[in-house]
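Subject: Structure handover

Hello,

Here is the structure for your files. My notes on it follow below.

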Amino acid sequence: MIFYSPKHIEHKPEKEIDKGIFVKNSDTPQRIEEIAEILVKNDYSIQNAKEFDESFLYLVHDKDYVEWIRKRSKITPPDQEYFPEVFGYDRLFDTGTPVTWNSYESALYSVFTALTAAEHIVCGNMFSYALCRPPGHHASKNIGGGYCYFNNAAIAAKYIQKNHEGNIAILDLDFHHGNGTQDIFYEDPSVLYVSLHGTPEIYFPWIEGFASEIGEGKGKGYNLNIPLDPDTGIEEYLKLLITGIKKINEFSPDCLIISLGLDIVEGDMQGGMNIKTEDYKKIGAVIKELDYPLLIVQEGGYDGKKNGEAVINLFDGLEIKRRFL
Ligand SMILES: [Zn+2]
């Protein structure tokens, strides 16, 4: 089952600050709308997300952080955007993540979308896809950034564990390292985090995503970062993906969550490797080996048309229709 909320459309940041100048913000509603359109065209049905209590945010986030985002959103006039003061002054770590009047509500419904999809898994189903926006994997317990306010995938993981004891693996395929998700589960051996991403030596979020970060305390050995060179092609990518898949199979989780960023596709304005939308069939075919209940949570990907093509190809590779629908 595929879940979605039209509330994301109201969150429409126009600008961001990149290297000191205003540029067009890449987190457009269109990047998700085009995925929804192509899914419908290909006979997938999409359900509206349910509403949950706002306290589900506290499964992951500190109360004062949630309150900061809510208040900041509420006091921003509809025709303006608030640009965070970085370096610890505000609760967002970069100027690429402005707050608009409706950021809180859209981020909340993005969480509801992930929760609806997680509930579908808790109810015994083997597949669901949360078409979330804004994305979540850069958001930690008490700070957001990278277009992310609340960590949809982490909240979904906690929700599943709360309702159905067990271990969860999160496979993060976004071009950028999911520093928020890593932070949240860094000392937690019940959640394995595996991420393939552009090397932080060159790419956002720069501060995390190195192979040497393997978890801490009880969580040591439950964090696997696989940094990629900028010109990585599909053959190399699949080889490294298989390393991640082996790690997940050794862990043998009760549920697999994929943080699905599509910004590794060639030409993406925020990422882009030597990987084409057709290659997602191969990526799906390899991931299909992971035979666990599967929850896919949408993250980045900034070209709507290519996002749509990549999702359809990934679903073909995973044989979603034959196996689950
Ligand atoms: Zn990304």
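Which residues in α2 meet which residues in α3? From α2 they are Ile-69, Arg-70 and Ser-73, and from α3 they are Ser-103, Tyr-104 and Ala-107. By type, the residues of this contact divide into three nonpolar, two polar and one charged. Helix α2 covers residues 63-74 and helix α3 covers residues 103-122, and the two pack at an angle of about 135° with their axes 7 Å apart. Angles over 145 degrees would count as roughly antiparallel and 65 to 115 as roughly perpendicular, so α2 and α3 are oblique to each other.

Please keep in mind that this is a predicted model.

Overall fold

The protein has nine helices and ten strands. Its C-alpha trace spans about 50 × 40 × 40 Å along the principal axes. The radius of gyration is 18 Å, which agrees with the value near 20 Å that a compact globule of 325 residues would have. Of the 325 residues, 52% are buried. Among contacts with a separation of 6 or more, 75% are between residues 24 or more positions apart.

Nonpolar core

The largest nonpolar core holds 86 residues. The members that touch the most others are Val-111, Ala-114, Ile-155, Ala-156, Ile-257, Leu-295 and Val-297. Helix α3 gives the most to this core, with eleven residues. For Val-111, the contacts beyond four places in sequence are Phe-56, Leu-57, Phe-150, Asn-152 and Ile-155.

Cis peptide bonds and positive phi

As background, most peptide bonds are trans, and most residues other than glycine have a negative phi. The following residues are listed with that in mind.

- The bond from Arg-133 to Pro-134 is cis, with omega near -5°. Pro-134 sits in the loop between β5 (127-131) and α4 (152-163).
- The bond from Phe-204 to Pro-205 is also cis, with omega near 5°. The loop that holds Pro-205 runs between β7 (191-198) and β8 (223-228).
- Tyr-147 is not a glycine, yet has a positive phi of about 70°. Tyr-147 is in the loop between β5 and α4. With 28 other C-beta atoms within 10 Å, Tyr-147 is buried.
- Ser-252, another residue other than glycine, has a positive phi near 50°. Ser-252 is in the loop between α6 (234-251) and β9 (255-260). It has 10 C-beta neighbours inside 10 Å and so counts as exposed.

Three further positions

Is Pro-293 buried or exposed? The count for Pro-293 is 22 other C-beta atoms within 10 Å, and a residue is buried at 20 or more, so Pro-293 is buried. Pro-293 belongs to the loop between α7 (280-287) and β10 (294-298). Setting aside residues up to four places away in sequence, Pro-293 touches Ile-121, Met-126 and Cys-255. Ile-168 is 125 residues away along the chain, and the C-alpha atoms of Pro-293 and Ile-168 are separated by 10.0 Å.

Thr-232 is in the loop between β8 and α6. It has 19 other C-beta atoms within 10 Å and is therefore partly exposed. Which residues is Thr-232 in contact with, leaving aside neighbours within four places in sequence? They are Tyr-237, Met-273 and Asn-274. Thr-232 and Trp-68 are 164 residues apart along the chain, and their C-alpha atoms are separated by 39 Å.

Asp-316 is part of helix α8, which covers residues 304-318. With 17 C-beta neighbours inside 10 Å, Asp-316 counts as partly exposed. Its contacts, not counting residues up to four places away in sequence, are Lys-281 and Gly-284.

Regards

Technical notes. Residues are numbered from 1 along each chain as its sequence is written. This is a predicted model: local features need pLDDT of at least 70, side-chain atom pairs count only at pLDDT 80 or more; totals for chains, interfaces and linings use all residues. Helices (H or I, at least four residues) and strands (E, at least two) are DSSP runs, numbered from the N terminus. The radius of gyration is taken over C-alpha atoms; the globule rule is 2.2 Å times the number of residues to the power 0.38. A residue is buried if 20 or more other C-beta atoms lie within 10 Å of its own, exposed if 12 or fewer, and partly exposed in between; C-beta atoms are placed from the backbone. Two residues are in contact if their C-beta atoms, placed from the backbone, lie within 7 Å. Axes are lines fitted to C-alpha atoms, for helices over the stretch in contact, and angles run from 0 to 180 degrees between N-to-C directions. Angles under 35 degrees count as roughly parallel, over 145 as roughly antiparallel, 65 to 115 as roughly perpendicular and the rest as oblique. Ala, Val, Leu, Ile, Met, Phe, Trp, Tyr, Cys and Pro count as nonpolar, Asp, Glu, Lys and Arg as charged, and the others, Gly among them, as polar. A nonpolar core is a set of buried Ala, Val, Leu, Ile, Met, Phe, Trp, Tyr and Cys residues joined through C-beta atoms within 7 Å.
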